[in-house]
Amino acid sequence: MRIVIYRRGTGSRYLPLVREGLARRGLEATVIACDTPEEVEAALPVADVLLAWGLPAGDYAKAPALRWVQSIGAGVDDLLRGPSLSSAVPLTRVTGLFGPQIAEYVMAHLLAATQDLRRAYATQSRRAWEQWEPALLRGKCLGVAGMGEIGRVIAERARVFGMTVVGLRRGDGPCPEVDRTYGLERMDEFLPLPDQVVITLPLTPETRHLFSAPQFSRMKQGAWLVNVGRGPVVDTAALIDALRSGHLGGAVLDVLETEPLPADSPLWAMPNVTITPHISGLSDPAYVSEFFCDNARRFVDGQPLRGLVDRKRGY
Ligand code: GLV
């Protein structure tokens, strides 16, 4: 097996972990770690397995022997950009890692908004003893758009705070973490309910700009939007309009249509907008390497892979 690892700037961090994990499982492989687009371009012609994040579009054409691709993250939209990966090549994503960390991010930012932590820090810096009345999450309704494993953990945590939770999703079947679920075709019924909407949806042709002007106008006056899914699920220009008009109360954006967010974006300076640089669910190299090596064992044994992406759905 010839394994190529690529993640810009940090691919080599995975090398010792993957080597050790393969050896522990008795698997023999040549492993090449790449930190730059040039390095991965040179390594791809020999690759039959790829562990990657942010592969330059079009690079699959340089990897004719590819037999399996494992994403370093939860999302795979970056690995499905450009000339497509043959549908005969299984694509897997990391599962089981991101729910708790993204849920902490979401709860931290929801609480920061209701407790008005900006105001707390500002009044303290003026040494001012001025009371205000923090709002509460208790009794509020949280909308979770995307009821995969990440959305479900967020829903569980929100309920601990006494929130009602409604979910928006594509699939069906029971979803005990939320009070009610709505299929995408019933998005119009979902949108007016929440005080805050958290987006955990993957980016697919179906979800691109799913949140645009008509959807914002159906949301509750003063509602907040939190995006921890993918930037292009939100139409940024329409979001800016909805925030400027005061219809939306605020936004927390960890993912953006263009990353890094350009320095001249009005979002940086808008009141009640928090921007973070795609940090709500970071890939832990130790976890990802173990996940990958476990899948490598399965791959060699012809067993079902964990985190297999349904190529028709795109996640
Ligand atoms: C991060 O955005 C990921 O998909 O893991």
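**Salt bridges in a predicted model**

The side chains of Arg152 and Glu177 form a salt bridge, with N and O 3.3 Å apart. This is a predicted model, in which local features need pLDDT of at least 70, side-chain atom pairs count only at pLDDT 80 or more, and totals for chains, interfaces and linings use all residues. Residues are numbered from 1 along each chain as its sequence is written, and side-chain values use heavy atoms, with hydrogens and water left out.

Colleague: How many salt bridges does the structure hold?

Modeller: A salt bridge is a side-chain nitrogen of Lys or Arg within 4 Å of a carboxyl oxygen of Asp or Glu. The number of salt bridges in the structure is 18.

Colleague: How many residues apart in sequence are the parts that Arg152 and Glu177 tie together?

Modeller: Helices (H or I, at least four residues) and strands (E, at least two) are DSSP runs, numbered from the N terminus. Arg152 lies in helix H5 (residues 149-160), and Glu177 in the loop between strand S7 (164-169) and strand S8 (180-183), so the pair ties together parts whose separation in sequence is 25 residues.

Colleague: Is Glu177 buried or exposed?

Modeller: Buried means under 20% relative accessible area, exposed over 50%, and partly exposed in between (1.4 Å probe, protein chains only). Arg152, at 23%, is partly exposed. Glu177 has a relative accessibility of 13%, so Glu177 counts as buried.

Colleague: Which residue forms a salt bridge with Asp195?

Modeller: Asp195 is buried, at 18% relative accessible area. The closest N and O atoms of its salt bridge are 3.0 Å apart, and the partner is Lys220.
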